[in-house]
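Subject: Predicted two-chain model for your review

Dear colleague,

Please find below the model that I am handing over to you. My notes on it follow directly after the structure.

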Amino acid sequence: MPRGQTFHWIRVVAALILLVSAGSAKYARVRSDWRELSSRQSAPDYITQEDAAFRSLAPWLPPRGRIGYLPPSDWPGANAVRRFYVAEYSLTPRVVVLGVGPEFLIAVPEAITDVASPSGGSDDPRLAGYALVRSFASGIRIFRRVG
Amino acid sequence: MIRPALAIVAPAFVVYVALTRRWSSTQEPLDRLLAAALAPGLGIGLASCTYFFFLQWTAPTPAARLDALLWVAAAITGLAFSLKGWTTRRPQTARVSGSSPRAGILLTARRSRLDRIMATTVAAACVSIAALAVLWFLIRAQVIPHGEWDAWAIWNLRARAVWRGLPDWSVVFTPDLSWSNPDYPLLVPLSVVRLWAYAGAETVHASVVIAFLFLAATTATLVVFVGRLRGWVVGLLSGIALLGPTTYIFQASCQCADIPLGFFILVAVSLASWSRQAKGAAVLAMGTATTASALAAWTKNEGLLLFPLVAVCVLVSSPVPRRRALVSLLAGAALPAVTLAAFKLRYAPGNYLFELQSTRTIVDKILDIDRVVEIGGQVATRALEWGQIPGGALTVLAITIALTIGFDRRALERAAVAGFLVTVMLLGYVLVYVITPHDVRWHIATSFDRLFSQLWPAITWTTFQLSASPRPNVGPGA
């Protein structure tokens, strides 16, 4: 074998070692994600849980149109924004809009901090003119405008 | 399972036949292995275009029946053509390399024992890195089945809105959803909806499948194309370099449109750069490059810059008469370009870059030299750090090329054209940062990793043109 050929192979091996060692850096991420998956066992991830919670609201909402979303006190914190977006992701083709106004209104537990009234609703002034339609196990409530 | 598979296989087969067919006596088809690598991604892209038009008349499920009819009929026609042949003699595929396809990693008796051992080692390393990448991708598909934030808040949301909301398109693009960028093109969401319609149900697996197919298609295209041009050892090294950066695999598993866009950028840039040297396959290479660039624009707004760039590049550097080049360009881009135009004119609301600020403000930002320099510096720093691997992916790539350097005039020409296209794309991204109405630091911090992932396959292809195998299968055609 020509000397030049051997030298070129040596350079390829050096490049290979460099690329493989760099590519192996993701092994730590593989392990950490595997651990997360194992520790979770069969419990679904956050988006799947929230998706299921919001989808359970669907039978009590109109199939289309705008649905109000009562902003929680930490709005526009990242968690509050994420939950609002998940609501749209779950309930589309309904269009979930921030604030009161539409006939139907969704309130996540963080949005209503007062003690629930005897009717199961809320004394939150933003809910004036709305009546509770249903309260769900997830803590999410649906209101509907009255009058 | 069979029906969703049909949704992918039928268009891929049609594209494969189209790329490996002799369209005229003066033309050569593309290399079969390269065509096989290109076919799934281009097939998914083109099928999303036809599906878009069927959705103009009917809901997703009946549209899928029409879609199936079209693609199965086209596939059967393609099968008939490939069995019988259009010409009496067997078509010769255009050798991307000049020597026998058996050269390179397909070891021949002429090779020494060292050659065999080394080539097998490189192949084993490539398979190992690919296996690690696939393993991580699959684990992340379990950890985040709906994808990362942008995936479910933009791409998968759009797919659900189309699937559940049509034929009422207004629910998909309502201004109330401006936070979800409803002006983004629909290649990825419609590909997901198409799989749902073929399967008959909405499932998170469809987005994972689309994301995985584009990752696999990108890897296959890069390895095969670099392998054919620069030798298989270098081709395999380029595959390891592509899959090496942690960020790239992370982005692939996010289910966003950046990795599909990266595939189309790779195809457009590489074929446009090679077309001048493609001899008999030049027209087909130019046409496919423009198809890919138009599909890039149908994937994400960033692709809008690539389409005119590739069109000009193809026309200027065409080895065939301008008129033929123009015909191949128009034929290649027609379907995705018309689809994109229909989407933009009929449905897409304005883009935030121009909706949230006046033209005067945009001009002021462009003329603010301090702002441009600062943003350029931030982008350069992040580009050098990109990849989440020690030293940064670009540094590792540069050292790899320096170690294996070896090129001829033709390889240098390809690298120069491709490098020019990639550089202009990157400058376009910098320009968007310059004129952004958002806080620029936040904008760069939240988007740069994704944007650079779009360019990474094309950067890898470009730089590996300057690399040579110890026993290259490089000849007159390369």
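A cavity here is a set of points, on a 1 Å grid over the protein atoms alone, where a 1.4 Å probe fits but cannot get out; a pocket is an open set with protein on both sides within 12 Å along at least five of seven lines, and lining residues have an atom within 4 Å of a point. The model is predicted, so local features need pLDDT of at least 70 and side-chain atom pairs count only at pLDDT 80 or more, whereas totals for chains, interfaces and linings use all residues. Residues are numbered from 1 along each chain as its sequence is written, chains are lettered from A and ligands numbered from 1 in the order in which they are written, and side-chain values use heavy atoms, with hydrogens and water left out.

Cavities and pocket

Four cavities of 30 Å³ or more are present, a volume being the space filled by probe spheres set on grid points that are joined across faces, edges and corners. The largest cavity holds about 50 Å³ of space. Chain A contributes A:L19, A:A22 and A:G23 to its lining, and chain B contributes residues including B:I240, B:P245, B:I389, B:L397 and B:W456. At least two lining residues come from each of α1 (3-23) of chain A, α8 (232-243) of chain B and α17 (393-403) of chain B; helices are DSSP runs of H or I with at least four residues, strands are runs of E with at least two, and both are numbered from the N terminus. This lining has 10 nonpolar, two polar and no charged residues, where Ala, Val, Leu, Ile, Met, Phe, Trp, Tyr, Cys and Pro count as nonpolar, Asp, Glu, Lys and Arg as charged, and the others, Gly among them, as polar.

The second largest pocket has a volume of about 670 Å³. Of its 27 lining residues, B:V14, B:V15, B:A18, B:L19 and B:W23 are the closest to the centre. By class, the lining comprises 18 nonpolar, eight polar and one charged.

Interface

Contact (heavy atoms within 4.5 Å) involves 47 residues from chain A and 60 residues from chain B. The two chains bury about 4700 Å² between them, 70% of it on carbon and sulfur atoms; buried area is the accessible area (1.4 Å probe) lost on putting two parts together, summed over both. A:W9, A:K26 and A:Y89 supply 17% of the area that chain A buries against chain B, more than any other three residues.

Backbone of chain A

Strands β1 (residues 66-70) and β2 (residues 95-98) of chain A run parallel and are joined by four bridges, pairing being assigned if DSSP finds at least two bridges. A:G68 has A:V97 as its bridge partner in β2(A). The peptide bond from A:W75 to A:P76 is cis, with omega near 5°, and A:P76 is in the loop between β1 and α4 of chain A.

Yours sincerely
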